[in-house]
Amino acid sequence: MMNIKKNSEISIVTLDPYEYKGFHYHNSGVDAFNLSKAANKRDFFISYIEYKDLITSTFNIPRTVDDDDLENTISIKIYEELSLDPSVDYKIMFFETDTQSEDRIFNVFVASNDQIDKIFKNIARRVPYVDYIVPEPLLYSAIYEKGLLASTDVDCFVTIRKDEAFLSVYSKGEYLTSRSVRYTLSYLKDKFSEQSGERMSEDKFLEILSTRGLVDKDKDGFNYDLNTVFEDCIFYINDTINIINRIYNVNVRNLYIDCDYKIENFINFISTKLGMRTERVNTNIAINNKSFVIEERHNIMALYARFFAKDAFNADFNFSNMLRPEPFAKRKSGQFLLTCAAAFVLSMLYPAYNYIAGLVYEKDTLRLNDEYSVLNAQEMQIKETLAKISK
């Protein structure tokens with residue numbers, strides 16, 4: 001993927017509520033965001049909600065359903081098939097997938113507001129607003145929006161974190177579907193310990209991955225147990241991709257790996273085993289990216305925020321409960337007060353006009369009285385002169 005080196009006019013803060021950290025993006029640079037200090041309210045704050053904290057599903061709706069009844073039909077189907085509790089307040093978002101199937105296919109993302117508030121409880125103590133919270137599988141749409149990937153193929157993003165792992169499939173730059181996989185880094189460590197019979201800490205396992213990694217059996221450093229565990233992982237992912245291919249009648253052509261930790265030779269390992277073009281997700285939107293250890297999702301969130309701030313990108317998929325208040329003139333209370341103020345001003349215009357007109361008339365009266373007094377004195381003087389002349 002290409003690098004981004006264009007400046008941005010807005011300051012963006014990307015927040016990770018799970019690791020309780022963030023980064024500040026401004027122009028072409030990035031800095032660590034200090035959550036212990038007061039936040040600048042003028043910054044744009046963006047965060048995400050992990051896939052495992054979302055309820056996701058796909059629903060088929062007959063094309064015979066009218067658009068006027070569509071939302072109500074989907075809502076009923078969501079509550080029934082996902083067994084949602086009517087007494088719980090949920091954020092429910094859905095959108096149609098562009099397919100040629102007989103039915104209309106809708107992707108659904110659901111999260112309870114209580115769960116969202118719980119995830120962002122600590123962040124809310126330090127940050128006044130979170131302008132946007134994006135469902136994690138939708139993050140990768142910003143990569144296509146920027147043009148870093150061509151919107152022509154069917155791509156699969158393999159996301160591997162410490163305690164979650166999932167696949168996100170995009171067709172022609174549009175989100176198609178996602179699937180959870182069990183091969184988190186914690187699960188891989190446990191399987192490796194079980195396979196090798198050697199107990200080890202997480203730090204030790206990550207050290208092995210970053211230094212020894214995955215190599216062919218004819219090379220030095222080959223570890224049979226490690227390669228076996230990752231082969232199981234890759235073939236499980238491949239089986240999941242094949243299922244998606246059959247269901248949606250697509251052909252995933254490219255794999256993009258988004259992993260928080262370094263796994264030496266991982267990309268080549270996958271490409272060799274599956275015979276599929278494989279790359280690591282790499283956006284590098286800041287010129288000093290290498291100065292920090294930044295998970296790729298922060299870079300993608302910064303991209304996402306720029307598009308949202310500029311064009312309201314994916315505005316309907318915002319899961320935030322910490323939105324900043326709208327400008328005073330756009331709030332209902334503000335509009336009410338402005339209307340009252342306008343009515344008061346209008347009601348005062350006539351009395352003000354009468355008052356000002358009265359002052360003007362009073363000044364004119366005084367001026368005319370002064371002129372009359374002068375003219376009257378002149379008249380009396382002329383009359384006296386004429387009387388003297390007559391005598």
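Select phenylalanine 157 and serine 168: phenylalanine 157 stands opposite serine 168 in β10. This is a predicted model, in which local features need pLDDT of at least 70, side-chain atom pairs count only at pLDDT 80 or more, and totals for chains, interfaces and linings use all residues. Residues are numbered from 1 along each chain as its sequence is written, and side-chain values use heavy atoms, without hydrogens and water.

Next, display strand β9 (residues 154-160) and strand β10 (residues 165-171), which pair in the antiparallel sense over seven bridges. Strands (E, at least two residues) and helices (H or I, at least four) are DSSP runs, numbered from the N terminus; two strands pair if DSSP finds at least two bridges between them.

Now widen the selection to the open sheet of five strands, with the order β11-β10-β9-β12-β13 and mixed pairing. Its edge strands are β11 (174-180) and β13 (277-280), each pairing on one side only. From one strand to the next, the twist averages 20°.

Then turn to helix α5 (residues 185-196) and helix α7 (residues 224-248), whose axes come within 9 Å and cross at roughly 135°. Axes are lines fitted to C-alpha atoms, for helices over the stretch in contact, and angles run from 0 to 180 degrees between N-to-C directions. The angle makes α5 oblique to α7 (under 35 degrees is roughly parallel, over 145 roughly antiparallel, 65 to 115 roughly perpendicular, and the rest oblique).

Finally, select the residues in contact (heavy atoms within 4.5 Å): Leu188, Lys191, Phe192, Gln195 and Ser196 in α5 meet Tyr224, Asp225, Leu226, Thr228, Val229, Phe230 and Cys233 in α7.
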